[in-house]
Amino acid sequence: MIDKEGTLTIIKGATLEDSVVYKSPSNQPINLSDYKVITRIKENLNVPDEEAIVLSSDNGKMSVDGLNGKIKWLYRDWE
C-alpha cells in the first residue's frame, strides 16, 4: 500500500496489488500510452550488488492503463 508520503510498503509473503494514477498539476490523468513501467525492490539500497525483485509491464507483474494514467502492481511473493 502507498501512504501519503509516497512510500510503498510490501509485507513479505503477502500479495502486492496496488495502483496509482499519474496526474497533471490540473488533476487530469496523464496519458501513458506506449509507456513501459518497472519497479525494482531491494531490501537494502546501500548494497549495490544485492539482487532485486523486478516488477514490470514486460514480465506481467505491472500494467499500464495508458489513457487513464494508471499504473498497477500485482506481485505474489510465492510466484
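Q: In what order do the 3 strands of the open sheet stand?
A: The model is predicted: local features need pLDDT of at least 70 and side-chain atom pairs count only at pLDDT 80 or more, while totals for chains, interfaces and linings use all residues. Residues are numbered from 1 along each chain as its sequence is written, and side-chain values use heavy atoms, with hydrogens and water left out. Strands are DSSP runs of E, at least two residues long and numbered from the N terminus, and two of them pair if DSSP finds at least two bridges between them. The pairing in this sheet is antiparallel, and the order is β1-β5-β4.

Q: Why is one side of β1 and of β4 left without a neighbour in the sheet?
A: β1 (15-21) and β4 (62-65) stand at the edges of the sheet. One side of each is therefore left without a neighbour, since each has a single partner strand.

Q: By what angle are neighbouring strands of this sheet turned against each other on average?
A: Axes are lines fitted to C-alpha atoms, and angles run from 0 to 180 degrees between N-to-C directions. With direction ignored, the average for neighbouring strands of this sheet is 10°.

Q: Which residue in the turn of the β4-β5 hairpin has a positive phi?
A: β4 and β5 run antiparallel, joined by 4 bridges, and M62 has W73 of β5 as its bridge partner. The hairpin places 4 residues between the two strands. A positive phi of about 65° belongs to a residue in this turn, G69.

Q: Is S56 buried or exposed?
A: S56 is part of strand β3 (residues 53-56). Beyond four places in sequence, S56 is in contact (heavy atoms within 4.5 Å) with V37, I38, K61 and M62. Buried means under 20% relative accessible area, exposed over 50% and partly exposed in between, with a 1.4 Å probe and protein chains only. At 7% relative accessibility, S56 therefore counts as buried.

Q: Is R40 buried or exposed?
A: R40 belongs to strand β2 (residues 38-41) and touches A52, I53 and V54, residues up to four places away in sequence not being counted. Its relative accessibility is 58%, so R40 counts as exposed.

Q: What is the relative accessibility of D34?
A: Most residues other than glycine have a negative phi. D34, in the loop between β1 and β2, has a positive phi of about 70°. N27 is in the loop between β1 and β2 as well, has a positive phi near 70° and is partly exposed at 49%. D34 counts as exposed, with a relative accessibility of 82%.

Q: How many charged residues are in the lining of the largest pocket?
A: A pocket is an open set of points on a 1 Å grid over the protein atoms alone, where a 1.4 Å probe fits, with protein on both sides within 12 Å along at least five of seven lines; lining residues have an atom within 4 Å of a point. The 13 lining residues of the largest pocket include K12, I41, K42, E43 and I53, which lie nearest its centre. Asp, Glu, Lys and Arg count as charged, Ala, Val, Leu, Ile, Met, Phe, Trp, Tyr, Cys and Pro as nonpolar, and the others, Gly among them, as polar. By this division the lining has 6 nonpolar and 1 polar residues, and its charged residues number 6.

Q: What share of the residues of the protein chain counts as buried?
A: Along its principal axes, the C-alpha trace spans about 40 × 25 × 25 Å. Of the 79 residues of the protein chain, the buried share is 16%.
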